[in-house]
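User: I would like to learn how to read domains, helix pairs and sheets in a structure. Could we go through them one by one?
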Amino acid sequence: MVTESPKETGRRKAVSWIRDNRVVRSIFRRGYPDNDLDRAAVMFSNFFLHVLPARTHVHSLKPTYTWGLGIISLFLFVILLGTGSLLMFFYVPSTERAYSDMKDLQFVVSYGVVLRNLHRWAAHAMVAVVFLHMCRVFYTASYKAPREFNWVIGVLLWGATLMMSFTGYLLPWDQLAYWAITVGSSIASYPPLVGEYIRTLMLGGDTVGQNALIRFYVMHVIVLPGIMMILMGVHFWRIRKDGGLSRPPAPPAEAARGEAAAFSPHKTYMLVELAEGKTPMVDAQAPEEEVMSWPHTVFRMLVVFVGVVAVLSAVAYFFDAPLEELANPDHPPNPAKAPWYFLGLQEIVSYSALAGGVIVPAAAIIGLMTIPYVDRNPEGQGAWFTSAQGRRITLWSVVAVIPVVLVLTWLNEHYAVRILVPGASQIWVDLLNPGTILIALFAAGSLYTWRRTGSSRMGALALYSYFLTSYLIYTLIGLYFRGANWAWIWPWQATGLH
Amino acid sequence: MSASVDEQTPRRRMLLGLGWVSFLVSLLGPVLANVRFLFPNVVYEGESVLKLDSLEKYLVGSITFFADKKIVLFREKDGFRACTAVCPHLRCVISPFVGAPGASPDILRARCPCHGSTFDGRGQVLGGPAPRGLDFFRVTKSPDGRVVVDTRKVVAPSEHFKL
Ligand code: FES
């Protein structure tokens, strides 16, 4: 028998006093989970952990499969809730006070500038990460049955994230905010028939003023976060119900043995697993394909959280969130640019407001939401880009779009409808502009791919890659290649104006 | 009472249907009321009839840009004209008109800083994404001899307020 030194015995006593005293026990019910029974039990008995299964499939933990993008989005949302609630203590949504409150946060309130930076950068990061998460889910074909509807909820969450960012944009009441919202709300007035009503509903009047500020504020701090929390709850719950994260199907050799083979003889199933047929662990064929969620999943999540906080803190410490002069309704800044994630749309809006404000976004959202119902064969689930062919098609779709977009942009600079025919009617401008032409080309390209390969998945891969690439190019053009009066400039010609 | 709805008498089924329909219809009222609630009846956003300086202050051939009132006043030898300074594309404020003093409206140019729409002195779109031209407003004179622009009355770009 190994004898312990008195020092070690003392340490053990101290640890167990902390872990196992009455109060801690009353909170956590069980001791520290140091055996598999307790590790499973902790997932059931802890409110915050019960959304996770007791065991996790090893495939779900592969960093190169998920890149942790979903969980990073969640953590960013939590950080935004925290920093946002704190900022609310110092911010009054009135046109007279809003801007000076921002200045106070920057120069007077202790750590105010850090909190504002954290909030701003976390918001930007969330827009980007949620989008990347959507790309991951798309390219791994994770929207396929039974996860079709969860994909739709994901698209809604992406939309809600953009609306959160857009409504938050007005609150500082600086030049950037004022004109971005003036332009943005005018875009909303372009849908036929309902357009003007939507705009009035958004602004609570006809101009961006006090009514608009309070409406955006209420949307930003109550309505949208509430909607997002509900959607996120459903999103996570459905992941559990749909059998955890997507992964490649079990090897065909086993599946060929018929229905019964779907269950492993090496495992014990709970009644609910058999009744539902598809809980997270049914697909795991052997014990070595799954690990206890405590500690494997929980601590990975903790590490990701710490990483997110660390990176954000560093960024928030070194880079200040921009704040321009006080909003001036008489003079738009030149050029007046939307937030970066809307710059691609703004570029198309600069060709035609109907194309950029209505046709392109409507096509994108309808296309995204219907993808799982059009591309129905289970091909490629859980594998990046489906197959070697899929990888090739994705690559070529990306490569093919670049020259097409650049040529269309060049044509538009020199031979746009109103350059050829000055004062041409609006119908021609709305019909013949790079935005609508691209949509037609994309539809044709993906249908052709579908026909050629005989696979709807390949058509979907092409379509998504077209949209993704063109959107990135337009965002870059809007960011670096547009100067005063939205004229084409080269990045090195950029003036101090922005 | 174990019979399902289908096995019940047609009368009961009809009553049940009626109940559902009236329930859904009764929801409509509150929903519409709440939507209507969000549309304000009165907004306090400044005047729509704008009073400017006295007539003589504006010399023939001058173009005055009122950024705060968002209008442009043309004093030509035929009289006064006034148009909006709000771009019909996405409501940015356009830049002032440029052109030699007294130049014909066809030579005048104004650009919008937001997406580069170009307009001539008749408000017509020459280039860029603006879906229509600039609106022109009725100009009149107040009893005390000042220029008045009524932004609720849109008129043809050629209409002058003659002295
Ligand atoms: S707002 Fe004037 S061109 Fe877009």
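Analyst: Let us begin with the domains of chain A, where 41 residues of domain 1 are in contact (heavy atoms within 4.5 Å) with 36 residues of domain 2. This is a predicted model, in which local features need pLDDT of at least 70, side-chain atom pairs count only at pLDDT 80 or more, and totals for chains, interfaces and linings use all residues. Residues are numbered from 1 along each chain as its sequence is written, chains are lettered from A and ligands numbered from 1 in the order in which they are written, and side-chain values use heavy atoms, with hydrogens and water left out.

User: How should I read a pair of helices, and at what angle do α17(A) and α20(A) cross?

Analyst: Helices (H or I, at least four residues) and strands (E, at least two) are DSSP runs, numbered from the N terminus, while axes are lines fitted to C-alpha atoms, for helices over the stretch in contact, with angles from 0 to 180 degrees between N-to-C directions. In chain A, the axes of α17 (388-415) and α20 (434-453) come within 11 Å and cross at roughly 155 degrees. That makes α17(A) roughly antiparallel to α20(A), a label used for angles over 145 degrees. Among the residues making the contact are V401(A) and L408(A) of α17(A), together with L438(A) and F442(A) of α20(A).

User: And how is a sheet read; in what order do the six strands of chain B lie?

Analyst: Two strands pair if DSSP finds at least two bridges between them, and the six strands of chain B form an open, antiparallel sheet in the order β1-β9-β8-β4-β3-β2. Its edge strands are β1 (49-54) and β2 (63-66) of chain B, each of which pairs on one side only. Neighbouring strands of this sheet are turned by 30 degrees against each other on average, direction ignored.

User: Which residue of β9(B) is the bridge partner of F137(B)?

Analyst: The partner is V154(B), and strands β8 (136-141) and β9 (146-155) of chain B pair in the antiparallel sense over six bridges.

Terms used: Angles under 35 degrees count as roughly parallel, over 145 as roughly antiparallel, 65 to 115 as roughly perpendicular and the rest as oblique.
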